[in-house]
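Colleague: I would like to learn how to read this fold. Please take me through it feature by feature.

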Amino acid sequence: MEVKIQALHFNATEQLQAFVDKKCAKLQRVCEDLIKVDVVLKVVKPETAMNKQAQITASIPGNDVHAEKICDTFEQAVDECLDALKGQLVKIKEKSRQK
């Protein structure tokens, strides 16, 4: 699985990139068919609360799942996106089992 991290309007620290890599790797436990995960981190409206946005798109054969969250920290936004993605991947996996 390939993880691509893109930081818009700021420079992501190595610590933040390592955090995102580690968290995205856990998605493979839910769905082994993951091809790639695209993560976009963005600062929206600097100097305000709730200004860290994370957009995560996971590609699996025949489907793309997407989640987008805005929070106080990038770590929190990534966690919430990954929770949403896990739910979507579980639903897709259950549907494919039923067929």
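Colleague: Which residue in β2 does Q6 stand opposite?

Modeller: Strands first: they are DSSP runs of E with at least two residues, helices are runs of H or I with at least four, and both are numbered from the N terminus. Two strands pair if DSSP finds at least two bridges between them. In this predicted model, Q6 stands opposite V40 in β2. Seven bridges join β1 to β2, and these strands run parallel. Residues are numbered from 1 along each chain as its sequence is written. Local features need pLDDT of at least 70, side-chain atom pairs count only at pLDDT 80 or more, totals for chains, interfaces and linings use all residues, and side-chain values use heavy atoms, leaving out hydrogens and water.

Colleague: How many bridges join β2 to β3?

Modeller: Eight, and the two strands run antiparallel. L41 stands opposite A54 in β3. K42 has Q53 of β3 as its bridge partner.

Colleague: In what order do the four strands form the sheet?

Modeller: The order is β1-β2-β3-β4, in an open sheet with mixed pairing. β1 and β4 are the edges; each has a single partner strand, so one side of each lacks a neighbour in the sheet. Neighbouring strands are turned by 10° against each other on average, direction ignored. Such axes are lines fitted to C-alpha atoms, for helices over the stretch in contact, and angles run from 0 to 180 degrees between N-to-C directions.

Colleague: Which strands does α3 touch?

Modeller: Contact means heavy atoms within 4.5 Å. α3 packs on the sheet and touches β2, β3 and β4; its direction makes about 150° with that of β4. C81 lies in helix α3. Leaving aside neighbours within four places in sequence, C81 is in contact with A54, I56, A67, E68 and K69.

Colleague: Is C81 buried or exposed?

Modeller: Buried means under 20% relative accessible area, exposed over 50%, partly exposed in between (1.4 Å probe, protein chains only). C81 is buried, at 0%.

Colleague: Which residues touch the most other members of the largest nonpolar core?

Modeller: A nonpolar core is a set of buried Ala, Val, Leu, Ile, Met, Phe, Trp, Tyr and Cys residues joined through side-chain atoms within 4.5 Å. The largest one has 26 residues, and V37, L41 and I56 touch the most other members. α3 gives the most to this core: seven residues. Beyond its neighbours within four places in sequence, I56 has contacts that include V37, V65, V78 and C81.

Colleague: How many aromatic pairs does the structure hold?

Modeller: Rings of Phe, Tyr and Trp (its six-membered ring) pair if their centres lie within 6.5 Å; planes under 30 degrees apart count as stacked, over 60 as edge-to-face and the rest as tilted. The structure holds one pair. The ring centres of F10 and F74 are 4.7 Å apart with planes at 15°, so the pair is stacked. It links distant parts of the chain: F10 is in the loop between β1 and α1, F74 is in α3, and they are 64 residues apart. F74 is buried, at 8% relative accessibility.

Colleague: What sits over the ring of F74?

Modeller: A charge sits over a ring if NZ of Lys or CZ of Arg is within 6 Å of the ring centre and within 35 degrees of the ring normal. Here the charged end of K52 sits over the F74 ring, 5.9 Å from its centre.
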